[in-house]
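Biologist: I would like to go through this structure with you, one question at a time. Please give the cut-offs as we go.

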Amino acid sequence: MLPRKRASEGVTLEEEQKNKAAGVSFQTKCRIGLCGSAELTATNKADTSNITITNNGSTSKKVSISSESPVMALGDSNPPDIDEDLHSRQLAVYGRETMRRLFASNVLVSGMQGLGAEIAKNLILAGVKSVTLHDEGTVQLWDLSGNFIFSENDVGKNRALASIQKLQELNNSVAIFTITTKLNLEQLSEFQAVVFTDVDLQHAIELNDYCHSHHPPIAFIKAEVRGLFGSVFCDFGPEFTVFDVDGNDPHTGIIASISNSNPALVSCVDDERLEFQDGDLVMFSEVHGMTELNDGKPRRIKSARPYSFVLEEDTTGYGTYEKGGIVTQVKQSKVLKFKPLREALKDPGDFLLSDFSKFDRPPLLHLAFQALDKFASELERYPVAGSEEDSQKLIAIAGDINEGLGDAKLDDINPQLLRHFAFGSRAILNPMAAMFGGIVGQEVVKACSGKFHPLFQFFYFDSVESLPSGPLDSTDYRPQGSRYDAQISVFGTKLQKKLEDAKVFLVGSGALGCEFLKNIALMGVSCGNQGKLTVTDDDVIEKSNLSRQFLFRDWNIGQAKSTVAASAARLINPQLNVEALQNRVGPETENLFDDSFWENLTVVINALDNVNARLYVDQRCLYFQKPLLESGTLGDKCNTQMIIPHLTENYGASRDPPEKQAPMCTVHSFPHNIDHCLTWARSEFEGLLEKVPTEVNAYLSNPAEYANSMISAGDAQSRDTLERVLECLDKDRCENFEDCITWARLKFEDYFADCVKQLVYTFPEDAATSTGVPFWSAPKRFPHPLLFLASDPGHLHFIMAASILRAETFGISIPDWAKDPSRMAAAVDCVIVPEFQPKKDAKIVTDEKATSLSSASIDDAAVISELLNKLEQCRKNLSPGFRMKPIQFEKDDDTNYHMDMIAGLANMRARNYSIPEVDKLKAKFIAGRIIPAIATSTAMATGFVCLELYKVLDGEHKVEDYRNTFVNLALPLFSMAEPVPPKLFKHQDLSWTVWDRWIILDNPTLRELLQWLKDKGLNAYSISCGSSLLFNSLFPRHKERMDKKVVDLARDVAKLKVPPYRQHLDVVVACEDDEDNDIDIPQVSVYFR
C-alpha cells in the first residue's frame, strides 16, 4: 500500500458485508465547509439501498441509490477552480480551457488489474471530475507484480474496493466511485469516456455500439496488455472534433516584405525560422502600406520556406508594402470520423506504427489478439505459460481466422511470435502497464477535451526483444507461489533471480524517479538478498510536485524527496532493499560515490531534469563501464536512450544545439516579443530585490574589505555596482511604506516613460543607420511612453507589488491598506514625479554582439573612489546593525507578489512596444522557466525504460535488441530505433571505443608506463595529469623523472591529493605511431594500490 492518508483528509466508508451484493462503495472527502465525522448506515433491498448520511452529527439526509449505480464521493458537485500551484506544470501543457473540460469529465475505468490501476492513477493526477472503478473480480497474488495499489493483505478482496482508498490519496479533488457488479449499457451514459481493460471482444462490441450511437457519443477505449504485447482501440464517435491537433502555440513571423503580385511572395526577417507548412492558414496584423491584409481574415499559404512563403492571393491592386507586420498561424480544428469496433475489426485502416523495423507486425497482432479472444471464450481461460499444446491451439485458431480474411490474408502468421504471445498472455507486466497506462490516459484526456490528435484507431505494440536471450524450458515458467509469478510466466525464474540480485543506482526521485521506484518495486528489482537499490536526490517536495510525483502527499511538502519516495516504494513491495540519500551526484560527492560504489553497481538509471548532471553521470558510467538508462520528458513528449557498455554510444556523444539567446541590446532596448519582455523583467526583479540588497549587505558587513575588492577590480562593472548600492542607501532608501510607494511610482516612470522618451529622442522614428536603412526596421518595434493612470488596473497592480516587495527588502511592515486599490491609488497620486529631460549624449547599446551594457572609462578608478567616499557617508547615517533582506525569486507561491511584479514589469514594457500582453500564469511559465510536465508521458517513458531493463539485467542481448524511443503523445507519434554503436578506433591489431579504459597495475614508474605503451606500438611524447604535464619528450629535464613512480610525480608535479578511498589515478597520454601519426588512445588508469 501507499502512504496512508491523515485522518483529517477523509475516511473511506464501506459497509462491505451489507453492500457487497449491491456493489457499492463510498468515499467521502473533506472539502471547504464540509469537514468532520460522518456516519453511514445502509439497508439493502432488491433494487435500492437507503443510505443515511449524518455529517458532524447535526443533520441527517436520506439518499436513495440504485444498487447497480456508482455512488459519488460526498462534496461539492461544481467543478472546482484550477489550483495553479498544484497544476502549474500540467497547465503549461494543456492550458486553462482543457483543464476546465477535464474538471467536468466523468470517466469509467473497467478492469482494475495493473493496466487499469495505471490509467486510473494518471487520470486522477490529471484532475478529472470523477473516476469510477469497475471490477467484479478479486485480488490474486498474481496481480501483485503488475499493480502498485494492492498488497498481500488485499488478496481475496474485490479489486475496485481494494483500490479506492489508495487512489483517492492521489488527489482529493477527484471523486472516486466503484461498481463491483456487472455493468449495464444504461450506466455508460453517465460518462464522457469509458475504458475497458479486461473485456471479451463480443461484449466490447456491444458496449462500443451503445457508446458510438449514444447522443452525444461516449468515447470508448479498449486496451489490453498481454505479457510483452499490448493493444489499444479508440472510438470517439461518428464525428469527433479536435480543437488543437498538436498543442503547439500558433507560429508567428515578422514580415520584411510583401510583393504586389499574384500570388504574393511574403518574406520574413531571418531572426527566427518560420515553422509554417503548405496549406496553413495565417492572419496578418500591423502591416503598413498594404493595409488590406489587416482585416483579420485567415489566408492560405503554400511554398513555405524557412524565411518566406507564397500567399494564395492577388495583391497587385493592394497598397504598396511599407514596413512592419506580423503573420500568425491560425490553428485549425479537425473532424475525425471513427468507425465502431465491429466495423474496424474487419477494416482496421492504417495502424499506428511504433517500430519501423516491425512494419509488418501490426496486422499480425491484430490477428493474434482476435485469436486469443476466441481461445479464451472457447476454453474459458488463457493459455498456460510454457504449454506447447496451448500455444499450438492458439496458432491454429489464428491460422483459421487468417484463412477467412480473403485478400487481407497474411502470408506468414509467424508461429514463433504467436508462441511467445500465448505463453505470456495471462500476465500483466508492470512496464507494459505503465507504458500503456500513459498512452490510454492521454487518449482519455483527448476524448474529454478535444486537445491533441486522438489515436486513430488501432495501436499494437510488442517488446519480444525483452525476452531472455537463452532458451527456456517449460519448468522455468512454473509459478513459485510468489508475487512475481506473472512476471516469471513471461521471463522465467533465472531472469527473476537476476532482477532481485541487481545493484541499482537511481539518480533522482522526482516525477520520473517516483515512477521508476514503483516499477522497480513491482518487478522485484533489488528485492533479493544480494540486491540493493540506492536512490539519491537533494531536492525537497513542493506542492507543484503532487500533480505527477505520485508517491508524495500534501503532508510530505518540505520533506526530502528520496526519503519519502523510498518509504513509499517499500510499502509497494516490503522486500525492496533501498537506501535513500540526499546528495547531489557530482565531483563534490566523489568521496561518497567512490570507486567501489560505482564498481559494485549493476546498472544506473537516470531520473534527472538537467543536462549537466546527466553528462556527469554519463562520464561516470563510461569510466566504470556501467549500463546507463536515460530518459526525459517535455510536456506531451518523451525520449529514452540506452547506453550500454561497448554496444552503444554514450549520452555525451551527441548534443542538442544550444538554445538561441536574444542579444542583450534586444532584451534591454528593442524587444519584439513577450519572451524578451519577461527576460528583462526577471533580470530587473533579481537586480532590484536580490543582487543590490545582497551587495548592500556585503558592503555593510565589511566596508574595508568590500572597498578594497572594488578598487582592485577597478572596472565598469564595479563602478555600476557601487552606483546601485549608493542609490539604494541614499536617494532610494525607504524608511516607511509611503517611501516604498514613492520608489515604485518613480520606477514606473523611469522604466516605462523616461527610458522610452530617451530612446526615441536618441533614435527618432525616422532615424536611419549608417547604410541608409531605416533604424526602426523589423524586427525592431518603435516604442511609445506610457502615461501613468491610477485608474489602470495594470499600472496600479505593478505599484502595489513593487512597493510591497521593496518594503520587504527594507524590513518595513506592510499596512493592511496596501492591498486596497482605492487607498493605494490615493497614495500614489500624492507622489511628485519630476519632469524628464532627455540627454543629448546618452549611450544606448545597439550592437547585437555586446555582452554588457556597461562601457569602460579611463575615469573608472576615480569614480569608484568617489563612490566609496559617498557610501561611507551614507553608512554613518544608518542605524547600527542595519541590513537589507534580499528576496530570492520563487515562482510557485502566488501570494508572495514575485510573479505579480514580474508580470507587471513585462506587460508594461509590452505596452511600450505594442506587444500582446500575457496573464500571470503565462508569465510564470516563461519567466519561471517552467518545464511542462504531465503524468502520462512520465509513466510511459519509465515503462519503455523498464522494458529495456529486462535486457540489461539479462546481460546477453545484442545492440539490435535494444531500442531508443521518442514519443509525441499529442500527434500521436512513436519512433523506436536501434541505438547508435560507438565510434571504433583502430591501431595495428588493437581496437577500442570510448568505452575502453586502459589499465596498468603494480604502481609503475614513468619508464615502465612508457615501455608498456611501446609494447603496443605507441610512442608516448606527452603525459599529463589534470592540467599539469608529467612528461614531455621535448623537455630534457623530464628524463630525470623516468624512474619515479607515476603517482609520486602526480603528487609532486600536479599537486594531486589522492584520497584514501582512491586506488588509481588517470593520465592522458599523447601518442604517435612509428610513422609519426598521432593516435588517440583511451584514458590510462595507473593503479598504485
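Biologist: In what order do the strands of the open sheet of seven strands run?

Modeller: This is a predicted model, in which local features need pLDDT of at least 70 and side-chain atom pairs count only at pLDDT 80 or more, while totals for chains, interfaces and linings use all residues. Residues are numbered from 1 along each chain as its sequence is written, and side-chain values use heavy atoms, with hydrogens and water left out. Helices (H or I, at least four residues) and strands (E, at least two) are DSSP runs, numbered from the N terminus, and two strands pair if DSSP finds at least two bridges between them. The pairing in this open sheet is mixed, and the order is β8-β7-β6-β9-β10-β11-β20.

Biologist: Which strands stand at the edges of the sheet?

Modeller: An edge strand here has a single partner strand, so one side of it is left without a neighbour in the sheet. From one strand to the next, the twist averages 15 degrees. The strands at the edges are β8 (175-179) and β20 (458-462).

Biologist: What angle does the direction of helix α7 make with that of β20?

Modeller: Axes are lines fitted to C-alpha atoms, for helices over the stretch in contact, and angles run from 0 to 180 degrees between N-to-C directions. Contact means heavy atoms within 4.5 Å. Helix α7 (residues 361-379) packs on the sheet and touches β10 (219-226), β11 (229-235) and β20. Its direction and that of β20 make an angle of about 90 degrees.

Biologist: Which residue in β7 is the bridge partner of N106?

Modeller: Strand β6 (residues 106-110) pairs with strand β7 (residues 130-134) in the parallel sense, over five bridges. Within β7, the partner of N106 is S130.

Biologist: Which residues touch the most other members of the largest nonpolar core?

Modeller: A nonpolar core is a set of buried Ala, Val, Leu, Ile, Met, Phe, Trp, Tyr and Cys residues joined through side-chain atoms within 4.5 Å. Buried means under 20% relative accessible area, exposed over 50%, and partly exposed in between (1.4 Å probe, protein chains only). In soluble globular proteins, nonpolar side chains tend to be buried together. Of the 174 residues in this core, the two that touch the most other members are L167 and F459.

Biologist: How far apart are the end C-alpha atoms of α26?

Modeller: In α26, 20 of its 20 residues are buried. The expected span of a helix is 1.5 Å times one less than its number of residues, so the 20 residues of α26 should span 28 Å. The computed distance agrees with this: the end C-alpha atoms are 29 Å apart.

Biologist: Is C665 buried or exposed?

Modeller: The UniProt annotation "active site", from an unreviewed entry, covers C665; such annotations may be inferred rather than shown by experiment, feature names are shortened, and positions are in the numbering used here. C665 lies in helix α16 (residues 664-669). Leaving aside neighbours within four places in sequence, C665 is in contact with F670, V845, T846, D847 and E848. Its relative accessible area is 2%, so C665 is buried.

Biologist: What does D554 count as, by relative accessibility?

Modeller: D554 lies in the loop between β22 (532-536) and α13 (561-572). D554 and E542 are twelve residues apart in sequence and 8.5 Å apart in space, C-alpha to C-alpha. Because its relative accessibility is 33%, D554 counts as partly exposed.

Biologist: Which residue in β28 is the bridge partner of N968?

Modeller: Strand β27 (residues 964-968) pairs with strand β28 (residues 973-977) in the antiparallel sense, over five bridges. A hairpin of four residues joins β27 to β28. N968 is also the bridge partner of K637, where β27 pairs with strand β26 (residues 637-643). In β28, the partner of N968 is L973.
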